[in-house]
Amino acid sequence: MSKKIFSGVQPTGNLHLGNYLGAIKNFVDLNNDNDNECIFCVVDLHAITTKQNPKELKNNIRETVATFVASGIDPKKSIIFNQSRVSAHSEGAWILSCVARMGWLNRMTQFKEKAGKDKEKASIGLYSYPVLMAADILLYDATHVPVGDDQKQHLELCRDIAQKFNNDFEVDNFLQVPEPLIQKDFSRIMSLKDGSKKMSKSELSDFSRINLTDDRDQIMNKIKKAKTDPLPMPQDIKELDERLEAKNLLGIYSSLTNSTLKDSVEIFAGKNFSEFKEILADQLINKIEPISQEIKKLLGDKKYLDKILLDGVEKANLIASKKIERIKEIVGFL
Ligand code: TYM
């Protein structure tokens with residue numbers, strides 16, 4: 001069955017292994033299946049929900065495009081564009097924010113985590129972030145949305161918003177209710193410093209993550225220093241519930257080699273972590289180093305990257321402007 005795929009990545013710098021294994025790797029597979037229509041968005045409007053340096057934001061937008069292409073997304077096959085240049089996203093977000101309920105947004109755990117203790121000082125944009133995300137998806141009638149596990153709740157909200165709009169305005173199936181595409185295993189890559197925390201761009205220590213722009217030495221060093229426990233490698237998959245760092249590293253290994261966690265546990269059972277870490281670092285270098293080198297090469301050709309976005313904006317606009325016109329008609333605007 002042909003799928004309409006939509007997903008987004010924030011251009012906030014430091015794209016990392018979690019973004020790659022949780023989302024971008026999946027984008028590439030979906031892009032390679034000729035039956036799919038894929039749209040990948042650089043969500044710059046989402047990025048400004050937290051403070052950004054304008055100059056760095058411009059660079060990060062280009063770096064996100066470069067990462068997509070370097071990872072294997074073909075801009076001739078898939079639409080790659082920057083969200084702020086297709087005005088239907090902002091308009092759609094406003095209209096949908098009048099459909100979404102405060103009670104629904106109050107349940108969003110990402111807001112609670114990001115806003116921290118001082119909620120009063122968080123931007124309103126950070127609060128309504130998931131409504132903009134719903135607009136992104138619904139404007140393109142996306143049937144499937146590939147994301148990491150941390151976005152699951154936002155997708156459920158998007159489904160609720162679509163259903164409520166269709167009910168309120170009595171337009172059955174007008175907004176397509178999308179299905180999340182979340183990998184069963186390894187959909188949440190954890191910090192290399194703490195197996196209970198998500199690998200994240202905003203974590204202060206660079207040693208907590210493998211960046212997609214890291215070189216061989218950086219990758220090797222970070223894996224060497226990655227937190228483990230004093231025991232030998234686990235003998236049984238059941239031990240992993242108590243040994244979060246081992247679970248994460250074995251998960252990364254499994255995802256890179258397309259094997260199951262059970263098989264990976266069996267391969268390394270009882271060995272020393274240092275032996276495993278060497279093999280893991282090699283796997284990571286094989287995967288990440290070519291991407292990292294390609295990103296750096298592409299960043300030298302700003303014109304090419306800007307042209308990808310320009311072409312993408314034109315195509316995305318054609319789809320999104322039609323949908324937003326229909327939405328305005330349905331809502332009752334003249
Ligand atoms: P962002 O930029 O935070 O993350 C981009 C993608 O990377 C995944 N991800 C992870 N997966 C596994 N382990 C991790 N440690 C990890 N960290 C990040 C995220 O789940 C995401 O898939 N709200 C979205 C951006 C967005 C979007 C959309 C996505 C805006 N509009 C419409 C889908 C559809 C986000 O947080 O991106």
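A polar contact is a pair of N or O atoms within 3.5 Å; within protein, one of the two must be able to donate a hydrogen and the other to accept it. In this predicted model, the side chain of D206 makes such a contact with the side chain of K222, at 3.0 Å. A polar contact also joins the side chain of D206 to that of N211, at 2.9 Å. Leaving aside residues up to four places away in sequence, D206 touches N211 and K222.

D206 belongs to the loop that lies between β5 (179–181) and α9 (216–225). Its relative accessibility is 31%, so D206 counts as partly exposed. F165 is 41 residues from D206 along the chain, and the C-alpha atoms of D206 and F165 are separated by 43 Å.

The ligand is surrounded by 27 residues, of which Q10, Y129, D136, D150 and I189 are the closest. An N or O atom in the side chain of Y129 is 2.7 Å from a nitrogen atom of the ligand. For the side chain of D150, an N or O atom is 2.4 Å from an oxygen atom of the ligand, and for the side chain of K201 the corresponding distance to a ligand oxygen atom is 3.2 Å. Taken alone, the ligand exposes 710 Å², and the protein buries 97% of that area.

Note on methods
Residues numbered from 1 in each chain as written. Predicted model: local features only at pLDDT ≥ 70, side-chain atom pairs only at ≥ 80, totals over all residues. Heavy atoms only, no water. Helix = DSSP H or I, 4+ residues; strand = E, 2+ residues; numbered from the N terminus. Buried < 20%, exposed > 50% of the residue type's maximum accessible area, 1.4 Å probe, protein only. Contact = heavy atoms within 4.5 Å. Near = heavy atom within 4 Å. Areas by Shrake-Rupley, 256 points an atom, 1.4 Å probe, with all protein chains shown as cover.
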